[in-house]
Amino acid sequence: MTGGRTRARYQLAIEALVSTTPRGRTGGFGLMPEHQRICDLCVEVKSLAEIAALMRMPLGVARVMVGDMAEAGLIAVHQSNTTEGKPDLALLERVLIGLRNL
């Protein structure tokens, strides 16, 4: 699924939000099944942590796949804003609640 890579090309935070782009919605033909499933999941915005959990894959694998898909224009990644290097606590709480609901 990752072509043997263990690291993403760029750093994605666990709380990064992911949404499917118009290209991802129409580009189903020729995609790997895992890529298609991520596109389907992210029609409604999901965090990287939620994607990994729903796909039942390690977070590192999800990071690599999401990074590749973002580069291909299939999904958009929305990194959270930080204040003085600290993550947004409200966002982290929402991610935690979402994980608990899984």
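Hi everyone, a word on the model before we start. Residues are numbered from 1 along each chain as its sequence is written, and side-chain values use heavy atoms, with hydrogens and water left out. As the model is predicted, local features need pLDDT of at least 70 and side-chain atom pairs count only at pLDDT 80 or more, while totals for chains, interfaces and linings use all residues.

Let's begin with the sheet. Helices here are DSSP runs of H or I with at least four residues, and strands are E runs of at least two, numbered from the N terminus. Two strands pair if DSSP finds at least two bridges between them.

Strand β1 covers residues 17-20 and meets β2, residues 46-47, over two bridges. With β3, residues 75-78, β1 has four bridges. Thr-20 has Ile-75 as its bridge partner in β3.

Now to helix α3, residues 48-55. How much of α3 is buried? Six of its eight residues are, so the helix is largely enclosed by the rest of the structure; buried means under 20% relative accessible area, with a 1.4 Å probe and protein chains only. The six are Leu-48, Ala-49, Glu-50, Ile-51, Ala-52 and Met-55. Their cover includes β1, β2, α2 (33-41), α4 and α5 (89-101), where contact means heavy atoms within 4.5 Å. After the helix comes Arg-56, with a positive phi near 55°.

Finally, α3 against α4, which spans residues 59-71. Their axes come within 9 Å and cross at roughly 115°. Those axes are lines fitted to C-alpha atoms over the stretch in contact, and angles run from 0 to 180 degrees between N-to-C directions. The two helices are therefore roughly perpendicular, a label for angles of 65 to 115 degrees.

Which residues meet there? From α3 we have Leu-48, Ala-49, Ile-51 and Ala-52, and from α4 Leu-59, Ala-62, Arg-63 and Val-66. That contact divides into seven nonpolar residues, no polar and one charged; Ala, Val, Leu, Ile, Met, Phe, Trp, Tyr, Cys and Pro count as nonpolar, Asp, Glu, Lys and Arg as charged, and the others, Gly among them, as polar.

Thanks, everyone!

Key
Parallel < 35°, antiparallel > 145°, perpendicular 65-115°, else oblique. Buried < 20%, exposed > 50% of the residue type's maximum accessible area, 1.4 Å probe, protein only.
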